[in-house]
Amino acid sequence: MYLEKILALLAAALVAVGAGIGLTWLALNPTPRMADAGSGIAAPANGQVDKGSARQQIETLIASTPDYARYFARLRETFTADYEAAINDFATRLAQTKEEQSVDYYLSEAVRRIRTSRGALAAKAEPEPIARVFEKQLEVLQAVAREDKRMCVAFLYGATNLDFQRFAASRRQIVSDMALAGLEAIVSGQAKKIDRTAPTEADFRVLETALAARGLNKIEIDALLDGKMPTPPLEDARMCGAGQTYFEVLKTLPEPARTKVYGLALELMARS
């Protein structure tokens with residue numbers, strides 16, 4: 001029974017990190033810069049871009065987007081080698097392909113890279129930075145829900161698309177807040193290295209009870225915790241609402257259950 005619940009939480013945690021996976025989708029599905037690129041950057045008349053010029057173009061584009069510039073500044077301050085590697089690779093790609101990407105792509109790819117290389121450290125952070133990761137993810141999810149319930153459900157399960165890219169470009173402050181929260185959790189985890197045990201069966205019971213107390217029925221709880229989508233599937237508005245309730249309930253779990261659940265979710269995020 002306990003093993004089954006651990007496996008169930010894997011599904012639940014994947015739902016919980018849907019916001020983070022949304023940024024990864026942008027990184028893995030780059031598109032040419034969109035109309036936001038009013039930064040005045042233009043390729044030389046001969047169409048050639050050397051690596052040094054490419055780097056300057058990219059850093060100028062980032063600097064012209066203050067919401068994202070603060071993430072890159074913090075990344076450079078805390079993990080200088082990771083920052084340099086990311087910008088270097090961006091510049092190499094631009095010099096080789098001559099294809100400029102959106103600033104949203106550069107943020108999402110930087111987030112993906114640091115999450116892949118150091119993301120597991122976030123699970124070892126102090127409780128406050130860990131909690132902020134999920135608070136900021138909920139803010140993004142709520143903003144997505146206000147715009148499009150279907151996109152909200154896709155976002156919960158990481159199945160984002162170009163609609164999410166357009167959303168991210170129009171909500172850069174909260175997207176950047178979410179990215180920064182993840183980075184700060186990694187910084188805290190590297191400094192503190194707190195080892196936590198996995199959630200217990202009792203922790204699962206508390207979570208299920210809390211979800212039921214918030215009005216979710218068994219079908220909705222199973223869809224969230226076990227990934228069991230009924231036939232026919234729940235309508236988008238209902239599933240979107242259940243997903244938001246899930247995030248809200250996680251915040252109310254007593255310690256240390258809350259941080260253990262969060263920690264496992266962050267470990268899964270690092271592997272995704």
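Is S108 buried or exposed? S108 is buried, at a relative accessible area of 0%; buried means under 20%, exposed over 50% and partly exposed in between, with a 1.4 Å probe and protein chains only. The model is predicted: local features need pLDDT of at least 70, side-chain atom pairs count only at pLDDT 80 or more, and totals for chains, interfaces and linings use all residues. Residues are numbered from 1 along each chain as its sequence is written, and side-chain values use heavy atoms, with hydrogens and water left out.

**S108**

- S108 sits in helix α6, residues 103-118. Helices are DSSP runs of H or I with at least four residues, numbered from the N terminus.
- The S108 side chain reaches the backbone oxygen of Y105 at 2.9 Å.

**Disulfide**

- The structure has one disulfide, defined as a pair of cysteine sulfur atoms within 2.5 Å.
- C152 and C240 form this link, with an S to S distance of 2.1 Å.
- It connects distant parts of the chain: C152 in helix α8 (residues 149-156) and C240 in helix α13 (residues 236-252), 88 residues apart.
- The torsion about the S-S bond of C152 and C240 is about 95°, so the disulfide is right-handed.
- Both C152 and C240 are buried.

**Aromatic cluster**

- The whole structure holds seven aromatic pairs. Rings of Phe, Tyr and Trp (its six-membered ring) pair if their centres lie within 6.5 Å; planes under 30 degrees apart count as stacked, over 60 as edge-to-face and the rest as tilted.
- Y71 and F72 have ring centres 5.8 Å apart and planes at 90°, so this pair is edge-to-face.
- F72 and Y83 are also edge-to-face, because their planes lie at 75°, with centres 6.5 Å apart.
- F72 belongs to helix α4 (residues 66-78) and Y83 to helix α5 (residues 80-97), so their pair ties together parts eleven residues apart in sequence.
- Y71, F72 and Y83 make up one aromatic cluster.
- Y71 is buried at 1% relative accessible area, F72 at 3% and Y83 at 4%.
- R76 lies over the face of Y83, 5.2 Å from the ring centre. The rule asks for NZ of Lys or CZ of Arg within 6 Å of the ring centre and within 35 degrees of the ring normal.

**Helix α14**

- Helix α14 covers residues 257-271, 15 residues in total.
- From first C-alpha to last, α14 reaches 22 Å, close to the 21 Å expected. The expected span is 1.5 Å times one less than the number of residues.
- Twelve of the 15 residues of α14 are buried, so the helix is largely enclosed by the rest of the structure.
- The buried residues of α14 include K260, Y262 and M269.

Terms used: Helices (H or I, at least four residues) and strands (E, at least two) are DSSP runs, numbered from the N terminus. A polar contact is a pair of N or O atoms within 3.5 Å; within protein, one must be able to donate a hydrogen and the other to accept it, and residues adjacent in sequence count only if both atoms are side-chain atoms.
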